[in-house]
Amino acid sequence: MRIRMVAGLLRRAYLSFATHILDVPPRLLALLLFLLLVFFPVTIGGPGDPFYLSGKSILRILVSASIYAMFAASWDLLVRAGQMSLGHALFWGVGAFATGLLSTLYGLPLLATIPLSVLIGTLVALAVGFPLLRVKGAYLVLVTMALPLIIVGLISPFKHLSLMWPILSGLPSFFPFLKTYEETVANYYFTLLLLLVSSVILYKVANSKTGIVLVSILDDELASKASGINVTKYKLLAFVVSGFFATLAGCVFAHVNDIASVASFEITVSVL
């Protein structure tokens, strides 16, 4: 009886896998790419391997690439609601700078600085997103692009104050008990897993009822309002969720690379 039950579960799992992944080429390609990334550190070999040094460099690049991919995925959700933003560096900078200050100035542990920084970034997204709902199209692009520039401009006159314009280092790492190479591999798998989890969450949101509403707002905002949809609520929700993941990406980047500064607010981060 148990054998039949297990066989039935395996059969249903295979049918679900075949239906949702094998029969959908983009998802199958994404799965193969993910498996390739999972087994990449195995191909580097040991210190005597000729591919070892270049492999370590590629590994560090892929760590940053995973974080930037999570940042890009958060921006994509915002675009689904018809909100084109070029100021997403604001949330990245808030995450990196806040976790850096909390770690270096107040000595808070890693498990405290990241949640607090993400909370701060989410509140900033809520505070900034509400007034921006009145702006649309190219005007929204210009206003959001100005936000990180305003932050940098306000702080620039205070460069002589180390608290106002610091380049923070000595941030706690995620795996301080490991050696340099082992820590790089651990960061690689950690950021890859974080990218997978955040992408799945954002994908589920985009394909849920909320995501369908966001697409309807993108297609025709007036028709969505006429249908009884609270456009303001859904636009603000997209802005907050997007800001949450962008802030988280900034926090992780700061700790992985052991650097946080006001340069994290620069507009170039938004278009990388």
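Start with the largest nonpolar core, which has 36 residues. A nonpolar core is a set of buried Ala, Val, Leu, Ile, Met, Phe, Trp, Tyr and Cys residues joined through side-chain atoms within 4.5 Å. Buried means under 20% relative accessible area, exposed over 50%, and partly exposed in between, with a 1.4 Å probe and protein chains only. Select Leu-59, Ile-67, Ile-114, Phe-174, Phe-239, Leu-248 and Val-252: these touch the most other members of the core.

Next, colour the elements that give two or more residues to this core: α2 (25–44), α3 (52–80), α4 (89–104), α5 (110–132), α7 (180–206) and α10 (231–257). Of these, α10 gives the most, with eight residues. Helices (H or I, at least four residues) and strands (E, at least two) are DSSP runs, numbered from the N terminus.

The model is predicted: local features need pLDDT of at least 70, side-chain atom pairs count only at pLDDT 80 or more, and totals for chains, interfaces and linings use all residues. Residues are numbered from 1 along each chain as its sequence is written, and side-chain values use heavy atoms, with hydrogens and water left out.

Now select Ile-114. Which residues does Ile-114 touch, not counting those up to four places away in sequence? They are Thr-99, Phe-174, Leu-248, Cys-251 and His-255. Contact means heavy atoms within 4.5 Å.

Move on to the rings. The whole structure holds 10 aromatic pairs. Rings of Phe, Tyr and Trp (its six-membered ring) pair if their centres lie within 6.5 Å; planes under 30 degrees apart count as stacked, over 60 as edge-to-face and the rest as tilted. Select Trp-92 and Phe-253, a tilted pair with 5.1 Å centre to centre and 50 degrees between the planes. Trp-92 lies in helix α4 and Phe-253 in helix α10, so the pair ties together parts that are 161 residues apart in sequence. From C-alpha to C-alpha, Trp-92 and Phe-253 are 9.0 Å apart in space. Both Trp-92 and Phe-253 are buried, and Trp-92 has a relative accessible area of 2%.

Then select Tyr-188 and Tyr-189, an edge-to-face pair with 5.4 Å centre to centre and 70 degrees between the planes.

Select α7 and α10 together. Their axes come within 12 Å and cross at roughly 180 degrees. Axes are lines fitted to C-alpha atoms, for helices over the stretch in contact, and angles run from 0 to 180 degrees between N-to-C directions. That makes α7 roughly antiparallel to α10 (an angle over 145 degrees counts as such; under 35 is roughly parallel, 65 to 115 roughly perpendicular and the rest oblique). Show the side chains where they meet: Asn-187, Phe-190, Thr-191, Leu-194, Ser-198, Ile-201 and Leu-202 in α7, against Val-241, Phe-245, Leu-248, Val-252 and Val-256 in α10.

Finally, zoom out to the protein chain, which has 10 helices and two strands. Buried residues make up 40% of its 272 residues.
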